[in-house]
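Hi there,

Here is the structure I promised to pass on to you. Have a look at it first, and then read my notes below.

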There are 2 protein chains.
Amino acid sequence: MTAPAARPRVTLADIATACDLSRATISLVLRGSPLVNAETRARVEAELKRQGYVYHRGAANLRRKVSSAVALVINDLSNPFFAEFAAGVDEALADAGYVTLLGSTGESVERQQAVLASLLEHDPAGVILSPAEGSDAARLRTLLGTRTPMLVFNRELGQDWDFLSLDNVRGARLATEHLIAQGHRRIAFFGGHQDSSSCRQRREGYRAALAAAGIALEPQWQIECAPTRLEAAGQTAALFVRDPAPTAAVCYNDAVALGLMAGLSSRGRRAGHDFAVTGFDDIPEASVSAPPLTTIAVDPRARGRQAAELILRRLHDPSTSPIATVAPARLLVRASSLVVLSGDAA
Amino acid sequence: MTAPAARPRVTLADIATACDLSRATISLVLRGSPLVNAETRARVEAELKRQGYVYHRGAANLRRKVSSAVALVINDLSNPFFAEFAAGVDEALADAGYVTLLGSTGESVERQQAVLASLLEHDPAGVILSPAEGSDAARLRTLLGTRTPMLVFNRELGQDWDFLSLDNVRGARLATEHLIAQGHRRIAFFGGHQDSSSCRQRREGYRAALAAAGIALEPQWQIECAPTRLEAAGQTAALFVRDPAPTAAVCYNDAVALGLMAGLSSRGRRAGHDFAVTGFDDIPEASVSAPPLTTIAVDPRARGRQAAELILRRLHDPSTSPIATVAPARLLVRASSLVVLSGDAA
DNA sequence: CTGAAAGCGCTTACAG
DNA sequence: CTGAAAGCGCTTACAG
């Protein structure tokens, strides 16, 4: 907290005194009321500028019992996906006249509780939460109460909060169908953890595509690993323990896919030449890796704007029942999945 | 703005009534005053929990004439460098009990003015600004006045604001010295534009290292290009128009270095084998490119924490004169610069 | 140890 | 068209 400012703040009352008017009239000018005389208005506006008046929205909000802030709590701002999301949220909130109260949790549930508690003291009209892994919905509910609407992004939490999710099922299904269309029949699902809901959903899409094509799912080609490049590279060998090995892999996300591509090269194989790889997310590196990565784009900035719009709608309409929205996923075909299969491999 | 909440807010007065005490006493409990009787305190705390009271910091701040917010205005949140910076700022501000008011400008000067004006109405104790390209210091000064302290990051704006910059000179010097120590004498400076202050500073470090080693600077090896991968790849040929050609290049940044490496391979050369390359920034891709890129790390998250600490210090001590801080730069040696020179090349 | 009163910067009926 | 008065949720001397 700060010590009181040396220079005292310019206040409505100062302007009123200088113009020899009441505070009420100044307030009307500020809020653009048509009630005030044009000449009076001009005089007041000149004086506002002259004294460098800055509106104290907090005081106004207190009096009016409204809030012009929305809290945005992000699990991992150093992930470009969430950074883009945050940029989209902030953009749309600003356009609607709201200010963003930022909190980042670094995937820590404890920090998430602390950050949210602190932000709530600043009286946000609503909250947008991209939950930390392992978030406890009941604890969040206790913190939030029922007064503050929340939109949950990306990871489902249950409760009666609005929810914006990526279309994980459809995305993975698109990737898998693409590989099948290329002639692959032996397709692994590579990376991610079963206990993550997004991983479960992506596997579901993968399974659905296989099933629709009449391809049996091979349990030994369902390979779990932490969703990082390094872990993925380390797990590459698991794809090739048995013969025949898969000819393609749908990866949990781009990081995993890039790790797998590295793992492939250190085994003398090359993605896009003798093995097909797809990712998920379309991180910036995906377009410049060697080879460029076929992946699923979810446009995080657009998702951010969408999240902002959803919470704003909820603020205006608190009574309707919770809304679950699924954002579209788009297949981007690049070289990593374009393999000419030998007769043997297919 | 929101319509008034349906459920009325729980207030100090509600707790006071329920406990049959005055609001003053409740306030003392909230602020942890030792004046209040232990039994009374316990009773109050139970009631606070029971009613789900949440402190209205805005009201308290208004009364106390303090602020517990800091505005953070970022030019490009979709750049991982600035996203990390923002995460570091938020982390440190939260630890100090402040909340972050986020604004992103997308490198637009007009948006920067609008965003800042809006944030200032929320009465931040201070501002951290990573300026949009082409920012107008005088216009910013008009907006800010002299009441609100600001810390400027990365791009110098003049005025009497505190300033945190990266050590471009020292970073480029470290990279150049490293190449010299590897035996190189024909070292180019590749990429960036003369009109960017960071590019000028990096060239200055490069020149200083050459001068200290008694190596003459060759004007034809100072090659400008836009700081993107694509432009850099396209300019690669410019290094080899004359004989002898350089054996190494200090690149303006990592994007340029990665582009140069691509340009080299399409000419049948390989960074780290027959040509040495260094970058600047340590973007995530630098560690996973082929070969991994020797570069200068500036640790944006640590810079964010540092920025937060600097503005907090300024809040506590408004009178001291403006402070310019230069953040350290660290050389990360990786394979792209490790070339065994043939007798001829050296 | 607790309460009554004034006030932070604003807005909003209500008069005139 | 403008002003007087009350009040948003809190804190802070000042009494007692």
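Before the notes, one definition: Ala, Val, Leu, Ile, Met, Phe, Trp, Tyr, Cys and Pro count as nonpolar, Asp, Glu, Lys and Arg as charged, and the others, Gly among them, as polar. By these classes, the surface near DNA strand C has 11 nonpolar, seven polar and seven charged residues.

Please keep in mind that this is a predicted model, where local features need pLDDT of at least 70, side-chain atom pairs count only at pLDDT 80 or more, and totals for chains, interfaces and linings use all residues. Residues are numbered from 1 along each chain as its sequence is written, chains are lettered from A and ligands numbered from 1 in the order in which they are written, and side-chain values use heavy atoms, with hydrogens and water left out.

**DNA strand C**

A residue is near a strand if one of its heavy atoms lies within 4 Å of it. DNA strand C is surrounded by 25 residues, and the closest are A:Arg23, A:Ser27, A:Tyr53, A:Arg63 and B:Arg63. For polar contacts here, look for a pair of N or O atoms within 3.5 Å. From B:Arg63, a polar backbone atom is 3.1 Å from a base oxygen. Helix α4(A) gives the largest share of this surface, four residues. Helices here are DSSP runs (H or I, at least four residues), numbered from the N terminus.

**DNA strand D**

Around DNA strand D there are 25 residues, of which A:Arg63, B:Arg23, B:Ser27, B:Tyr53 and B:Arg63 come nearest. A polar side-chain atom of B:Arg63 lies 2.3 Å from a base oxygen of DNA strand D, while B:Arg31 places one 3.2 Å from a phosphate oxygen. Here α4(B) gives the most to the surface, with four residues.

**Two helices in chain A**

The axes (lines fitted to C-alpha atoms, for helices over the stretch in contact, with angles from 0 to 180 degrees between N-to-C directions) of α6 (residues 109-120) and α7 (residues 137-144) of chain A come within 10 Å and cross at roughly 15 degrees. α6(A) and α7(A) are therefore roughly parallel to each other, a term for angles under 35 degrees.

Happy exploring!

Key. Angles under 35 degrees count as roughly parallel, over 145 as roughly antiparallel, 65 to 115 as roughly perpendicular and the rest as oblique. A polar contact is a pair of N or O atoms within 3.5 Å; within protein, one must be able to donate a hydrogen and the other to accept it, and residues adjacent in sequence count only if both atoms are side-chain atoms.
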